[in-house]
Amino acid sequence: VCMTIFIGLINGMISAATPILLSALGGALTYYAGIFNIAMEGMMLSGAFFAVLGSYYFGNWLIGMLFGILGALLIAGIFILFSVVLKVDEFVTGVGLNMFSVGLTTYLLRQIFKVKGAFTDPGIYSVPKIRLPFIEKIPFIGDIISDQNLIVWIAFIATLLVNYFVFKTQFGLRLRAAGYNRICLDTSGVSSDKIKTVSLLLCAVLCGFAGTYLSLGYVTLFSENMSAGRGWISLAAVILVSGNPIGIALVSLLFGLADGLGLYLQHIFPSQFTSMLPYIATLAALFFYSINNKKKMEVKL
């Protein structure tokens, strides 16, 4: 029984960590480009809604995934227009887009599907799980690794790819230069605005996957404001490890563990309290980060 509970907790941790990891990886790209991107919440939420829209109307989860990415790209396009082209403050733009995304998805939910709160239907096709025939027979390991959702594997691959592109490629060098010394990069003949634009587009793609996982992987429905602050948790994960993709993966799993633990504690404590655990973990992590950062500053002085 204890082993079954432990396996369930690990699988719950992976499921809860996946959308945070994907959006945080996108946030890492914009972090290195020197963009304070708080619009990940809006990108994820739009991705979740449009994924359901595409899956339901076309009867295909793959088209749903494509629609999810396009929904996130819509928010990214507006962010690029205001922040990169018009030079509007990034924080103000991000807050506005998060509010816009909530309003847009709520309005479209009621106008297109004629429902309030949540939309679920047998016609929504979820992203499939991947079976690994040889591994699934291995005790414990097979119960965890096999039968994971496709987007979980995409998140794992994305972690390795983002880490490689940021630290091992010319694009990664330019990306970091856009954040560290934008004027120097522009002087070298490479437009920092173009690098920022590319980073935001790539961030949107990853947030689109995150949103798709929420509505077509984690569950098979869309509910109003279903991102529920995961974009903010992703931003906290990026800040905690200064954008390091491997560190982001570990922090995302920590937050996922808090989420999964909350589900198991619902029969002991009120659900309102247990659902607070991921956010309490986020606040605690940021608190200890700030204390540690302050000590480092005092040592330097």
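Start by selecting lysine 87, which sits in the loop between α3 and α4. (Helices here are DSSP runs of H or I with at least four residues, strands are runs of E with at least two, and both are numbered from the N terminus.) Lysine 87 is exposed, with a relative accessible area of 52%. For that word, exposed means over 50% relative accessible area, buried means under 20%, and partly exposed is in between, using a 1.4 Å probe and protein chains only. Check the backbone too: lysine 87 has a positive phi of about 60°, although it is not a glycine. Most residues other than glycine have a negative phi.

Before moving on, some ground rules. This is a predicted model, so local features need pLDDT of at least 70 and side-chain atom pairs count only at pLDDT 80 or more, while totals for chains, interfaces and linings use all residues. Residues are numbered from 1 along each chain as its sequence is written, and side-chain values use heavy atoms, with hydrogens and water left out.

Select aspartate 147, in the loop between α5 and β3. Its phi is near 70°, again a positive value in a residue other than glycine. Aspartate 147 is partly exposed, at 41% relative accessible area. Now click serine 146, which lies in that loop between α5 (141–145) and β3 (148–149). Is serine 146 buried or exposed? It counts as buried, at 4% relative accessibility. Show what surrounds serine 146: leaving aside neighbours within four places in sequence, it is in contact (heavy atoms within 4.5 Å) with Ile130, Arg131, Leu132, Glu136 and Ile141.

**Aromatic rings**

Colour the aromatics now, as the structure holds 15 aromatic pairs. Rings of Phe, Tyr and Trp (its six-membered ring) pair if their centres lie within 6.5 Å; planes under 30 degrees apart count as stacked, over 60 as edge-to-face and the rest as tilted. Zoom in on phenylalanine 36 and phenylalanine 91, a stacked pair at 6.2 Å centre to centre with 15° between the planes. This pair links distant parts of the chain: phenylalanine 36 is in the loop between α1 (2–32) and α2 (40–58), and phenylalanine 91 is in helix α4 (residues 90–112), 55 residues apart. Phenylalanine 36 is partly exposed at 39%, and phenylalanine 91 is partly exposed at 43%.

For another geometry, pick tyrosine 56 and phenylalanine 119. Their ring centres are 5.2 Å apart and their planes at 90°, so this pair is edge-to-face. Tyrosine 56 is in helix α2 and phenylalanine 119 in strand β1 (residues 118–119), 63 residues apart. Tyrosine 56 is partly exposed at 28%, whereas phenylalanine 119 is buried at 8%.

**Into the core**

Stay on phenylalanine 49. Not counting residues up to four places away in sequence, it touches Thr105, Leu108, Leu109, Ile112, Phe113 and Phe222. Which residues touch the most other members of the largest nonpolar core? Of its 77 residues, they are Leu22, Met43, Phe49, Phe222 and Phe255. (A nonpolar core is a set of buried Ala, Val, Leu, Ile, Met, Phe, Trp, Tyr and Cys residues joined through side-chain atoms within 4.5 Å.) α1 gives the most to this core, with 12 residues.

Then find glycine 71 in helix α3 (residues 61–85). Glycine 71 is buried at 3% relative accessibility, and beyond four places in sequence it touches Ser46, Gly47 and Phe50.

Select α7 (residues 170–180), where the buried residues are Gly172, Leu175, Arg176 and Ala178. Look down the axis: these residues fall within an arc of 150°, so they line one face of the helix. That arc is taken from the directions from the helix axis to the C-beta atoms. The face turned away carries the exposed residues Gln170, Leu173 and Tyr180. On the buried side, α7 packs against α1, α6 (150–168), α8 (182–187) and α9 (192–218).

**Last stop: α11**

Finish on leucine 253 in helix α11. Leucine 253 is partly exposed at 32%, and beyond its neighbours within four places in sequence it is in contact with Met13 and Ala17.
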